[in-house]
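Please look through the sequence and the model shown below before reading on. The numbered points that follow are meant for a colleague who is meeting this structure for the first time.

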Amino acid sequence: MPKRPDPQRPLRLERDNLDELITLAEAEHGPITPEEIHERRDLLRRTRDEQRASDTSS
């Protein structure tokens with residue numbers, strides 16, 4: 001029987017990516033504010049959306 005896709009996987013990947021961005025930013029610049037976290041989350045989403053758009057136009 002084929003494995004079912006995990007619907008939570010994309011959310012876990014996004015959370016892991018965001019955690020990595022936060023860790024890297026804090027290591028480089030010290031603790032960051034919630035506003036900076038929000039900005040980086042938005043950047044991650046925009047980048048992901050742009051990649052999806054370029055994948056579908058190829």
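1. Glu14 has its place in helix H1, where helices are DSSP runs of H or I with at least four residues, numbered from the N terminus. The model is a predicted one, in which local features need pLDDT of at least 70 and side-chain atom pairs count only at pLDDT 80 or more, while totals for chains, interfaces and linings use all residues. Residues are numbered from 1 along each chain as its sequence is written, and side-chain values use heavy atoms, with hydrogens and water left out.

2. Is Glu14 buried or exposed? With a relative accessible area of 17%, Glu14 is buried, given that buried means under 20% relative accessible area, exposed over 50% and partly exposed in between, with a 1.4 Å probe and protein chains only. Leaving aside residues up to four places away in sequence, Glu14 touches Leu44, Arg45 and Arg48, a contact being heavy atoms within 4.5 Å. The side chain of Glu14 also makes a polar contact with that of Arg48, at 3.2 Å (a pair of N or O atoms within 3.5 Å; within protein, one must be able to donate a hydrogen and the other to accept it, and residues adjacent in sequence count only if both atoms are side-chain atoms).

3. Helix H1 has 21 residues and reaches 30 Å from its first C-alpha to its last, close to the 30 Å expected at 1.5 Å a residue, where the expected span is 1.5 Å times one less than the number of residues. After H1 comes Gly30, whose phi is positive, near 90°.

4. Which residues of H1 are buried? They are Glu14, Leu18, Ile22 and Ala25, and seen down the axis of H1 these buried residues fall within an arc of 70°, so they line one face of the helix; the arc is that of the directions from the helix axis to the C-beta atoms. An α-helix has 3.6 residues a turn, so residues three or four places apart point the same way. On the other side of H1, Thr23, Leu24 and Ala27 are exposed, whereas what covers the buried residues of H1 includes H2.

5. The largest nonpolar core is made up of five residues, Leu18, Ile22, Ala25, Ile32 and Leu44, such a core being a set of buried Ala, Val, Leu, Ile, Met, Phe, Trp, Tyr and Cys residues joined through side-chain atoms within 4.5 Å. H1 supplies the largest share of this core, with three residues. Ala25 touches Gly30, Ile32 and Arg40, again not counting residues up to four places away in sequence.

6. How many salt bridges are there? The count comes to four, with a salt bridge taken as a side-chain nitrogen of Lys or Arg within 4 Å of a carboxyl oxygen of Asp or Glu. One of them joins the side chains of Asp6 and Arg12, at 2.2 Å from N to O; Asp6 is partly exposed at 34% relative accessible area, and Arg12 is partly exposed, with 34%.

7. Another salt bridge, at 3.5 Å from N to O, is formed by Arg45 and Glu14. This pair links distant parts of the chain, with Arg45 in helix H2 (residues 34-57) and Glu14 in helix H1 (residues 9-29), 31 residues apart. Arg45, at 35% relative accessibility, counts as partly exposed.

8. Arg45 also meets Asp42 in a salt bridge, at 4.0 Å from N to O. Both residues lie in helix H2, three residues apart, about one turn of the helix, and Asp42 counts as partly exposed at 25% relative accessibility. Through salt bridges that share partners, Glu14, Asp42, Arg45 and Arg48 are joined into one network.

Key
Helix = DSSP H or I, 4+ residues; strand = E, 2+ residues; numbered from the N terminus.
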